[in-house]
Amino acid sequence: MKPKFIVVSGIIGVGKSTFTERLAQLLGYRAIFEPVEDNPYLGKFYEDPKTWAYPMQEHLKHRRFAAYQFAFWGLRCGEFPGVIMDRSIHEDTVFAQINNEEGNIHDLDWNTYLSGFQDFQAFMPEPDLYVFLDAPPEVCKKRIAARDRPEEAGMDGEDGGIPLSYLQRLHKGYQEWLMAIAPRVQVVRLDWSTFKTVEDGWAEARAQWEERGRFTRRLVVPGNKE
């Protein structure tokens with residue numbers, strides 16, 4: 001049995017969108033992409049994060065919640081055989097928290113953001129599986145430069161674009177987030193330092209998922225002494 005609701009996670013530039021698209025094609029699932037190209041705040045945020053971080057995070061929180069509901073109800077009603085989502089609303093808290101820690105989001109706004117997120121959580125069942133694509137921030141920075149998105153060029157990085165220090169903060173924030181969610185949801189990690197074919201990536205992810213499922217079943221069998 002395959003997981004039906006899969007979220008592809010990772011920091012900026014790791015290759016989530018490409019993997020999401022190709023995995024959806026491989027499995028015959030519906031791909032749901034992160035709202036990047038039609039995000040009216042993204043370029044403004046990179047130019048002036050202190051002004052635009054909070055409104056952008058509120059915008060993304062609502063957009064991601066709508067996408068999550070679209071995915072869940074599409075599965076529930078049988079419209080989609082499965083869903084591959086490019087980053088979920090749950091990961092949005094990683095970005096918002098870093099912006100709070102860096103002084104881009106005031107504590108009052110951060111508490112307002114969290115309050116709204118907690119209200120949404122009652123309507124957001126966990127996905128079946130998170131696939132975390134892991135690559136060093138240095139590698140992701142090179143990939144960002146290679147894709148040359150105009151909106152990513154405005155942040156005051158060392159050589160233009162998104163600073164390596166910001167990517168390093170994101171990577172650390174993701175490791176903490178993954179540890180927090182691991183007890184309640186299946187997470188598999190794929191080393192994405194170098195790109196793999198989607199077939200190889202999915203074979204590795206599915207093997208990890210199935211092995212963890214077997215381990216969980218062994219734990220809950222009555223009288224199991226393993």
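This is a predicted model: local features need pLDDT of at least 70, side-chain atom pairs count only at pLDDT 80 or more; totals for chains, interfaces and linings use all residues.
Local features require pLDDT of at least 70 and side-chain atom pairs count only at pLDDT 80 or more, whereas totals for chains, interfaces and linings use all residues. Residues are numbered from 1 along each chain as its sequence is written, and side-chain values use heavy atoms, with hydrogens and water left out.

The model contains an open sheet of 5 strands in the order β2-β3-β1-β4-β5, with parallel pairing. Strands (E, at least two residues) and helices (H or I, at least four) are DSSP runs numbered from the N terminus, and two strands pair if DSSP finds at least two bridges between them. The edges of the sheet are formed by β2 (30–32) and β5 (187–191); each has a single partner strand, so one side of each lacks a neighbour in the sheet. From one strand to the next, the twist averages 20 degrees.

Strand β1 is joined to β3 by 4 bridges, and the two run parallel; within this pairing, Val-8 stands opposite Asp-86 in β3. A further 4 bridges join β1 to β4, again in parallel, and here Ser-9 is opposite Phe-132 of β4. Strand β4 (residues 129–134) in turn pairs with β5 in the parallel sense over 5 bridges, and Leu-133 has Leu-190 in β5 as its bridge partner.

In a regular strand the side chains alternate between the two faces of the sheet. In β1, Phe-5, Val-7 and Ser-9 point one way, while Ile-6 and Val-8 point the other way, and all are buried (under 20% relative accessible area, with exposed meaning over 50% and partly exposed in between, for a 1.4 Å probe and protein chains only). Because 5 of the 5 residues of β1 are buried, the strand is largely enclosed by the rest of the structure.

Two packed helices are described by the angle between their axes and the distance between the axes. Helix α4 (residues 89–101) packs with helix α5 (residues 107–121) at an angle of about 170 degrees, their axes being 11 Å apart. Axes are lines fitted to C-alpha atoms, for helices over the stretch in contact, and angles run from 0 to 180 degrees between N-to-C directions. The angle makes α4 roughly antiparallel to α5 (over 145 degrees). The contact (heavy atoms within 4.5 Å) includes Ile-89 and Ala-96 of α4 and Trp-110 and Phe-117 of α5.

The structure holds 15 salt bridges, each defined by a side-chain nitrogen of Lys or Arg within 4 Å of a carboxyl oxygen of Asp or Glu. One of them brings together the side chains of Lys-16 and Glu-34 (3.3 Å, N to O). This pair links distant parts of the chain, with Lys-16 in helix α1 (residues 16–27) and Glu-34 in the loop between β2 and α2 (42–47), 18 residues apart. Both Lys-16 and Glu-34 are buried. Glu-34 also forms a salt bridge with Arg-87 (2.6 Å, N to O); Arg-87 lies in the loop between β3 and α4, 53 residues from Glu-34, and is likewise buried.

Another salt bridge joins Asp-92 and Arg-64 (3.1 Å, N to O). Asp-92 belongs to helix α4 and Arg-64 to helix α3, so the pair ties together parts that are 28 residues apart in sequence. Through shared partners, salt bridges join Lys-16, Glu-34, Arg-64, Asp-86, Arg-87, Glu-91 and Asp-92 into one network.

Note on methods. Angles under 35 degrees count as roughly parallel, over 145 as roughly antiparallel, 65 to 115 as roughly perpendicular and the rest as oblique.
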